[in-house]
Amino acid sequence: MKITAVNTHLLSAKLSQPFAYSRARYDTRTAMLVEIVTDQGLVGWGECYGPARITKAVVEELGQMLIGEDALRSEFLWQELYARLRDHGQKGVVIQGLSGIDIALWDLRGKYFGVPTYQLLGGATRTEVQAYATGLYRRDSGDPLHYLCEEAAGYIEQGFQAMKLKVGFGVREDAAVTRAIRNTIGEDAALMIDANHAYDAIAAIRLGREVEELDIGWFEEPVPPEDLAGYRAVKAAIDIPVAGGECEFTRYGFREVLTQQAMDIIQPDICAAGGLSECKKIADMAQAFGVRVNPHVWGSGIGIAASLQWMATVPTHTPTSLQPVQPLLEFDQTEHPIRQAIIAEPIVQQKGWVQIPNGPGLGIEINRDA
């Protein structure tokens, strides 16, 4: 099955209401999709996380190297593309571009053999995953203590039993908002916080100690991704599990995270860390180190579907337990006009759970009109 074309699709949609986290504000959502066409009429789809225009250029460059290659040799092609750009792109946008290509190749492989991609990765450990709501961003106006609590209550009404709050706006304000959210959702729902690496270790430790009593599921990206010493300092100083890794790349990057014991939970993004090929290796490696894996997911329906295919195979966190702890799906609830529009059947949650698609490849069909 020979590759005849590698196409890119950069989609963009304005938001009805901008929202912000600690380091940036969004008034537009984008998606950079990869379409790989073969001589047998099969088409595979992938998605890149990162700056869409830059990853588009990366995929177009890498795509030229794929024409005429056998689409089923996904492992060989990953290694070949990585090696060709190793001098310039061991991390960052090159790997994000490679991720979208790799996902599309795995989609093709599943379609060629007529099975879900997870079947070719070793078979499913689970058929559904618990989802947590990612939202609780800041708005341009209004009192966050009011609108964030109202939003959090809405997630509980929708059936979510877990959610993640954006912090990084100052230790005192973060602590007050976290306390208000906990009081709103009650003791039974899980609550995580995410600073998007807005703090240094000193401030992150202060915040962690302020909110420890609120039963926080994890403190995500407390410090910048390259500051593994800072991660270790935060991890040693607070009782909240420390998470990160959405800005880390490939098994080589996560090898450093794991050997330095910098995080309790790693969060590779399948559309950034190297695709299905790499994330399978990363999850297996994490199990050997006794570190939990909960993927970062921030994209369209293609990225969500790919993440679910991978999550079907991620080892349980407590493999010898009679009640094993399972990985959680990050389920973005912010406005994203592209997210569900581009797939024929939306991926939805029911009482906080999401079914893993079981059709061929990623298990989704693309709405080309959208």
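User: Is Cys-271 buried or exposed?

Analyst: In this predicted model, Cys-271 is buried, because its relative accessible area is 6%, and a residue counts as buried when that value is under 20%.

User: What about Cys-247, buried or partly exposed?

Analyst: Cys-247 counts as partly exposed, since its relative accessibility is 28%, which lies between the limit for buried, under 20%, and the limit for exposed, over 50%.

User: How many disulfides turn up in the whole structure?

Analyst: A search through the whole structure finds zero disulfides. For Cys-247, the nearest cysteine sulfur belongs to Cys-279 and is 14 Å away, and Cys-247 is in no disulfide. Cys-271 is likewise in no disulfide, with the sulfur of Cys-48 as its nearest cysteine sulfur at 7.5 Å. The cut-off explains both cases, because a disulfide needs a pair of cysteine sulfur atoms within 2.5 Å.

User: New topic: where does Arg-139 lie?

Analyst: Arg-139 is found in the loop that runs between strand S4, residues 128-134, and helix H5, residues 144-158. With a relative accessibility of 30%, Arg-139 counts as partly exposed.

User: And which residues is it in contact with, leaving aside its neighbours within four places in sequence?

Analyst: With those neighbours left aside, Arg-139 is in contact with Gln-17, Pro-18, Tyr-147 and Glu-151.

User: How many Å apart in space are Arg-139 and Val-293?

Analyst: From C-alpha to C-alpha, Arg-139 and Val-293 are 30 Å apart in space, while in sequence they are separated by 154 residues.

User: Let's zoom out. How many helices and strands does the chain have?

Analyst: The chain has 12 helices and also 12 strands, and its C-alpha atoms fill a box of roughly 60 × 45 × 40 Å when this is taken along the principal axes.

User: What radius of gyration does the chain have, and what would a compact globule have?

Analyst: The chain has a radius of gyration of 20 Å, which agrees with the value near 21 Å that a compact globule of 370 residues would have.

User: What share of the residues counts as buried?

Analyst: Of the 370 residues in the chain, 58% count as buried. As for the surface, the chain exposes about 15,000 Å², and carbon and sulfur atoms supply 47% of that area.

User: Last one: how many Å apart are the mean positions of the positive and negative charges?

Analyst: The chain has 33 positive and 47 negative charges, and the mean positions of these two groups are 3 Å apart.

Technical notes
Residues are numbered from 1 along each chain as its sequence is written. This is a predicted model: local features need pLDDT of at least 70, side-chain atom pairs count only at pLDDT 80 or more; totals for chains, interfaces and linings use all residues. Side-chain values use heavy atoms; hydrogens and water are left out. Helices (H or I, at least four residues) and strands (E, at least two) are DSSP runs, numbered from the N terminus. The radius of gyration is taken over C-alpha atoms; the globule rule is 2.2 Å times the number of residues to the power 0.38. Buried means under 20% relative accessible area, exposed over 50%, partly exposed in between (1.4 Å probe, protein chains only). Accessible areas come from the Shrake-Rupley method with a 1.4 Å probe; for residues, only the protein chains shown count as cover. Lys and Arg count as positive and Asp and Glu as negative; His and the chain ends are not counted. The place of a charge is taken as NZ of Lys, CZ of Arg, CG of Asp or CD of Glu. Contact means heavy atoms within 4.5 Å.
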